[in-house]
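Here's a quick report on a multi-chain protein model, with an eye on its aromatic rings. Have a look at the structure first, then read on.

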Amino acid sequence: MGEHGREGDGLERWGALWEERTGLSRRGFAQLCAWLAATMTLTSGGVGRVAEALAAAPRPPVIWLHFQECTACSESLLRAHYPTAEQLILNLISLDYHETLMAAAGKQAEEARRATMKNAKGKYLLVVEGAIPARPFCRIGGQDAEAILKECAADAAAVIAVGSCASFGGLPAAEPNPTQARSVAGLIGKKPLVAIPGCPPQPAVMAAVLAHYLTLGRLPALDQLHRPKAFYADSIHDRCYRRPFYDRGQFAASFDDEGARKGWCLFKLGCKGPVTHNACATLKWNEGVSFPIQSGHGCLGCSEPHFWDNGSFYAPLSTPIGESGLSTGVAAAAGATLGAALAGGYRKVIDQARSEARPVTLDDLEKSS
Amino acid sequence: MNDPGYELLLWVRGPGWILALAVFSFGMAMRLFEIFALGRREDLAPPRPAERQGSPMRTVWNRFFPVPGLFERAPATHVSGYLFHIGFFAVLFFAEFHIQLFRHLLGFGWPALSAPLADALGVVAIVALLAALVSRMRDPVKRFLSTAGDYLAWALTFLPLLTGWMAYHHVLVSYTRMVALHLLAAELLLALLPFTKLIHAVTIFVARWYTGEQFGRKGVQA
Amino acid sequence: MSATLERGLAALRAGMDTPMATFFASCVHCGLCAEACLFYTETGDPKYTPIHKLEPLRRLWKQEFTLLGKLMVNIGLDQPVSDAELAEWEPLVYDSCTLCGRCSLACPAGNDITAMIRKMREGMALSGHAPEDLVHATQRAVTLGSPMGVKLSTLKAKIRAQERESGLTIPLDQPGVDYMVLFSGMEIVQFSEILGAMARIFKHAGVSWTLSSEAFEATNSGIQLGVSDLAKEILLRTVNAAEKLGVKGVVSPECGHAYTALRWEGPNLIGRRYHFEVVHILELLARLQKEKRLRLRQRDPEERPLSFHDPCQLARRGGVLEEPRELLGKIATDFREMSDNRERNWCCGGGGGVSAIERSEPLRAKAFQRKLHQIEELGVHTLVTACSNCRIILEEGLETYQIRVDVAGLTELVADHLEEDQPQTGAGAAGGES
């Protein structure tokens, strides 16, 4: 009880400060803090800490780079519902460079970027959206994408790769990858990196990662692929509300059959949920309204590496990717040819043994030494 | 990428599968030619009149069952053998996920077993195969006959079953990784089948036919 | 030229064919053939597992007729079949296999193991790894005309004695008759009453028959030894004699492997079909009985129960299954089938030349327990069979284990149960006997 009381007191106090600073409601602040604490898997006692940090934090400068992408990651961020994009951009961070959102253009814009890099050396966050191609593709302000990234990453506090393109190469890196597009990971040396894959990534996850850095001054716990564990530890399948149907072996066989209407598992229709790690099944989209599986379509697996080369979206996971007919036929023909050649040799051996055998006489039964 | 599960899954679903299928078809074609192109001499002895001959096709069928008395002499071999084969083929051909594969390959599918039943049959196959291994190592005849090839064939058969079950139940490692291992194990089985004693899956029917024909022409239903 | 490893291996290669490759490819080492083999069931020694008896032949197949096996030898992971290996296998291929064919019936893969052992013996003999006793028996068969050394003069003496006893003629070298009848040397020497029995039966049924002075021995040790060339040489005497006499058919007597040799292997040995029919004496008797030319009377109801031992080469490997039942059905009052009968019978333990191998006697005695058990559970006092080799082995075995059961030949039993008050059949059917 006492702890709850103290926590409640803290929230109240920091909420007031928040209201004063941002003009946002105290109630909303409490919700944000609780949610952040929960998604970042802090203990309940951490809610107070989150509140304290959030209310008092200085707005860190952010440089947001766009390379080979479709801006859907930014679009997704704009649909963040709590905190909203405006809250985030206007109150929580200082978005100093974002080609789509900023008013500045040309030299002015590049100067703003350089100014931030200089003034907030070692303190700014670098957000990267899109994959990085090899020269000569994707030049901005006369500079190569790779050079821009390296330049900006050099003095950043951390790099946040948003979306599957920046995280894993995504669509630009799909076979045959004509621009030799790459993810951020290999280009920034040992700079701390957070990957928030997804096509697009969950707005709440982008917001939460920024908020986490804001409140605690460090990056959240990450997995092998630099993804925040809080959002990427479970697979879609693990958290899917249709999971019981999978366990019972009840599958929709087409998008308009009885099973589909009954909301059965979409495995047979190509759902990649079992091997896709993301938070869609819990956070959902559009202010928690729905997510693809809830709308009756299988998961595309967009937040996993190579998702674009992962076979048809509608091919079940248990089917192979790619065409095997020709190679199988060629192999069989080669095997048959070799087999026939070998058998020809064997037959020769047999025929020789038969034809060269001299008639056996009684003397032949005595063993010679 | 440093997540071996996902990378491996992509590989086994893509190039791995194509490779395994190619090795299988190469090996199978080669082995079948090696075996069936040797030829066979015509039997000049006049057979029994047609109505008294044994049917080779019936021999092919009959050999699914032991001759009377044999079961009692080797119950472990029979029970583990039957249960393993029934469980293995039930799961291979009637688990939903596998039917999807056959549908992809053949263009048509068939009804699946219910998930709990397929699951149970998989467990039956796993337990039976373990029992078969114990029996192989303890039975004097089987221990005496067994070679490295027998144990290799056992492992090739056992691993897909085990990893399939573990993937389905999300045991030990992530589903992604386990499914990848399952497919890898299945591809190993497929690729090595023609080169191991597992080729019996194809040849026993012909072997039974030859023997059935030899017995049959003499008037004995083997 | 004498026996060498190279000659033996060449003989093994000559026997290679698709069925054999299929069989070896199909074996999964399940061990069930052991359970079908009386040498394993009675000794419990895994080395008697039938498929194991073929190991050198399997290795030769693998090394010379599969790509993988060839590679293994090339990189030194496998050693070619050696003379020492074949020597080691001699007792397995000969002493402990009666070619009874039970393993071939039991194998779930469908492997005809027995047929492969028969082929393996070709290589064993030519590499000098056949048992001396069998070699000598074959030498006698080739040089003297009979493995037991039975000469024409012996036969003639027996004929005279049996003619005296039966009061009937036993024709010799009579051309144009229905059947030329063969006997096993064992019958001529040990059970010569069979000559008289045949004479009575054929008289009764009105069948014309003859013996040949050039070919009276039915057995063919060449088959058991596994030397097709010598088997052919032995067989050709019969074929030539029968075709010279112009008989309709040749009757194979109560001898298991003689029937296999003449009926099933023969045409393949000489490379052509015969100009006569081969019929086993039981087939002929059953046929005559069906045609009502052979009328049998029942045994005395007080007589004790009897059973029939199926000779492997007649039943499982010969297809003579129902004929003995049809005949015994007319005679026996208390006929009891063995637990495993017809094609599933158990061997007496002396077939396939094993009875000729002296050193195998202790093993054979052990293996006989299988048959003994079958006989004991029936509680019969008479055991009828249709193979003089089985008969000797059964008598010996029963004697060894002190079991008092009489062993009889079915042909003799038939001869003893002919209806006596029958009128003579039409002279036309009697052929050369008139």
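## Ground rules

A residue is called buried under 20% relative accessible area, exposed over 50% and partly exposed in between, using a 1.4 Å probe and protein chains only. This is a predicted model, where local features need pLDDT of at least 70 and side-chain atom pairs count only at pLDDT 80 or more, while totals for chains, interfaces and linings use all residues. Residues are numbered from 1 along each chain as its sequence is written, chains are lettered from A and ligands numbered from 1 in the order in which they are written, and side-chain values use heavy atoms, with hydrogens and water left out.

## Chain B at a glance

Chain B has ten helices and zero strands, going by DSSP runs numbered from the N terminus (H or I of at least four residues for helices, E of at least two for strands). Its C-alpha atoms fill a box of roughly 70 × 40 × 35 Å along the principal axes. Of the 222 residues in chain B, 52% are buried.

Take contacts (heavy atoms within 4.5 Å) in chain B between residues at least 6 apart in sequence: 71% of them join residues at least 24 apart. As for the surface, chain B shows about 9,900 Å² of accessible area, with 74% of that belonging to carbon and sulfur atoms; the areas come from the Shrake-Rupley method with a 1.4 Å probe, and for residues only the protein chains shown count as cover.

## Aromatic pairs

Over all chains, the structure holds 30 aromatic pairs. Rings of Phe, Tyr and Trp (its six-membered ring) pair if their centres lie within 6.5 Å; planes under 30 degrees apart count as stacked, over 60 as edge-to-face and the rest as tilted. A:Y241 and A:F291 make an edge-to-face pair, because their ring centres are 6.3 Å apart and their planes sit at 75°. A:Y241 is in the loop between α11 (236-239) and α12 (243-248) of chain A, and A:F291 is in the loop between α14 (280-283) and α15 (325-356), so the pair ties together parts 50 residues apart in sequence. A:Y241 is partly exposed at 42% relative accessible area, whereas A:F291 is buried at 4%.

B:W209 and B:Y210 are edge-to-face too, with centres 6.2 Å apart and planes at 75°. Here B:W209 is partly exposed at 31% and B:Y210 is buried at 12%. Chain B also has an aromatic cluster that includes B:F84, B:F102 and B:W110.
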